[in-house]
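Dear colleague,

Please find below the structure that I am handing over to you. My findings follow it, and I would be grateful if you read them with the structure open.

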Amino acid sequence: MTTKPPYDILFEPVQIGPVTAPNRFYQVPHCNGFGHLRPKGLAAMRGIKAEGGWGVVCTEEVEIHPTAEISPAVEGRIWDDLDIPSHRLMTDAVHEHGALAGIELVHNGLHAPNRISRLPPMAPSATPVDSSDPVQARAMDLADIRNLRRWHRDAALRAKNAGYDIVYAYAGHSMSTLMHFMQPRYNQRSDEYGGSLENRVRLTREVISEIKDAVGDSCGVAFRFAVDELMGANGLSIDGEAQDIVGLLAELPDLWDVNVSGWSNDSATARFEPNEGYQESYTAFVKSMTSKPVVGVGRFTSPDAMVSQIRRGVLDLIGAARPSIADPFLPAKIREDRIEAIRECIGCNICVSGDNLNVPIRCTQNPTMGEEWRRGWHPEKIAARASDAPVLVVGGGPAGLECALQLTKRGHKVTLAEATSALGGRSLLESRLPGLASYARVKEYREGLLRTMADAEIYLESPLDAHAILDFGFPHIFLATGSSWRRDGTGRANHRPIPGLDKLPVLTPDDVLAGKHPTSGRVAVFDDDHYYLGGVIAERLAESGCEVTLVTPALSVSAWSDFTLEQDKIITRLLEKNVALTVRRNITKVSDSGLELACMHTGRREEISADALVLVTARNANQGLQQSLAAQSEAMATAGIETLQPVGDCLAPGTIANAVYQGHLAARNFLGEAWDAALFRREMAALG
Ligand code: ADP
Ligand code: SF4
């Protein structure tokens, strides 16, 4: 199929050294929590991207030697020939669909505490490792540098042997020895590898050249370089040395893969970088300095933005990690002129949390991500229905929408009833909070498709009770009625209601999301949830004119958001909005003038004044409907109700990603095996 203008340009081939990318869609290296431990899951995930039209599909960072390994993070490994068969699984899966496979070789240097290998970390100069491990890296001598070059060369040869078409040298995210040598703050050497910029770039030049010598006859050699660390004069920056570095190496690699550093800047969430193509102002200069193709990133999901960057000479290849995770079939949908079917990334970084927690990748928008091998899920295909029976889904939040969409795709006639005047549930409500507008995409994608499907009927303003459901007589019912925030303060830190809550106006996130919150006065936000909501509500209240104190029993503010690379930015933003931050405090009682807090360590008491209190503690699953129906088993039988299944937050409150996943799982399993029988395949260590 030929693609019509203006998007045809996206499907032009691009020469990368001796290999040719079939189009301009380039899945840049991204971590995923499969790594060397779960090669089958990894290969299936990468293969699906190739099937979906990505012309180049790369690995995550792949460790080349045990002198730099970042376990328990599960990255790729190519330490010796034993690793080759695992990589073959991936390259075969990618080649099957005509795409190129790329491998990002890495020596993590001072980023690697070497918890498995227990070898001393290595760095340009002696310095503590950049994790909190009580370990320091030793300064590399010239023999170490020669070894490092050899390890890269050997790894490149293994990569070629494993079937890769593109081999990377990597100097990004402040996570690689090559980058550490370039960064003056880490390189305080006085030999030929330190001091002048030419000297600090020497190692990278040697490594790229030697990879080219080793495999450049048949593999494209890419260089991934972070042009700006977003820390001004304290780091590499485009106003400092970055342009000179690009100038020094301009024609050496076959491909420039450019981004910004650290990882939280590169993979910035939509809350902090709302715009598509947000890296353009940093990366655009590279193309003017090299004749080699350039790939750049910026959470691209719209083909118009992609075409614009190519036409304006910003880049040659559309780099994507998250957009390819949210929609592995993004290129195919553009090619087939099905733009409305693109499942746009919402920029939440739940995908990153999987890697940070050392478990396989997951995605808010794409519940099949990470499940390609172990559950056999395909992002675009689902088994046809096993019965003609119509289905009622009650509740149009993330869980209900996903469940209804997949059931309709399976061929069922689906009726979706939503109590309020709009679909989306919490994804819609939370999208009104500062920086979370993209969360509405969870609803927009699903509602958009459902509205085009003849077998889906949507009823808004239709709060259903047990009576109505019994009257309808649908044989199969999914309840996706969500959850409600508790108003009594119980949660993680408090297992009994907080005393004195009648003394002060008390609000929950549901109130704030409904727009019912003060716009002046002193408000305390008690965050015992620890993800983003407490922080973003504090931000909203501060913006509205309140004097806000955020109190949390946790060690730090919005603690879990560290896994989504947001915590640092959240704290900065709250401080900028003059939100007072109080950690490791629980509320012991509430009075009409404020709160009595207790230190979580010493129990010491203190008082803070407040005119109102927002409790972000825990949620109650909305199970009333289920309980009411379950109590009427005879009436259910008479009404012909065969199955009744709660999904999403009304079963167990969690993230939006979890609700979407549960909705999807329920639709896949519908009338199939019992959920506790239909588990997933596991990758087992081979014994003997
Ligand atoms: P989840 O994340 O599990 O999808 P949400 O709270 O986001 O949960 O969404 C639940 C949705 O269900 C909300 O839009 C809510 O209005 C709707 N809902 C709750 N109870 C009923 C009901 N009895 N009838 C119809 N819709 C309901
Ligand atoms: Fe995008 Fe969130 Fe999915 Fe990651 S988890 S790809 S940020 S939607």
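This is a predicted model: local features need pLDDT of at least 70, side-chain atom pairs count only at pLDDT 80 or more; totals for chains, interfaces and linings use all residues.

Leu565 is not a glycine, yet its phi is positive, at about 65°. Is Leu565 buried or exposed? Buried means under 20% relative accessible area; Leu565 has a relative accessibility of 15% and therefore counts as buried.

Because its relative accessibility is 9%, Arg299 counts as buried.

One joins Pro5 and Pro6, with omega about 5°, and Pro6 sits in the segment before β1 (14-16). Another joins Ser71 and Pro72, with omega about 10°; Pro72 is in the loop between β4 (56-63) and β5 (76-77).

I now turn to the chain as a whole. Its secondary structure consists of 22 helices and 29 strands. The C-alpha trace spans about 80 × 65 × 55 Å along its principal axes. How does the radius of gyration of the chain agree with that of a compact globule? For 688 residues such a globule would have a value near 26 Å, and the chain has 27 Å, so the two agree.

Of the 688 residues, 60% count as buried. Among contacts with a separation of 6 or more, 72% are between residues 24 or more positions apart. The chain exposes about 26000 Å², and carbon and sulfur atoms supply 50% of that area. As for charge, there are 69 positive and 86 negative side chains, and the centres of these two sets lie 2 Å apart.

Finally, the chain is divided into three parts: domain 1 (8-356), domain 2 (391-482 + 622-677) and domain 3 (486-620). The centres of domain 1 and domain 2, taken over C-alpha atoms, are separated by 40 Å. How many residues of these two domains are in contact? In domain 1 there are 11, which touch 12 residues of domain 2.

Yours sincerely,
A colleague

Notes. Residues are numbered from 1 along each chain as its sequence is written. Chains are lettered from A and ligands numbered from 1 in the order in which they are written. Side-chain values use heavy atoms; hydrogens and water are left out. Helices (H or I, at least four residues) and strands (E, at least two) are DSSP runs, numbered from the N terminus. The radius of gyration is taken over C-alpha atoms; the globule rule is 2.2 Å times the number of residues to the power 0.38. Buried means under 20% relative accessible area, exposed over 50%, partly exposed in between (1.4 Å probe, protein chains only). Contact means heavy atoms within 4.5 Å. Accessible areas come from the Shrake-Rupley method with a 1.4 Å probe; for residues, only the protein chains shown count as cover. Lys and Arg count as positive and Asp and Glu as negative; His and the chain ends are not counted. The place of a charge is taken as NZ of Lys, CZ of Arg, CG of Asp or CD of Glu. Domain bounds come from an automatic or database domain assignment.
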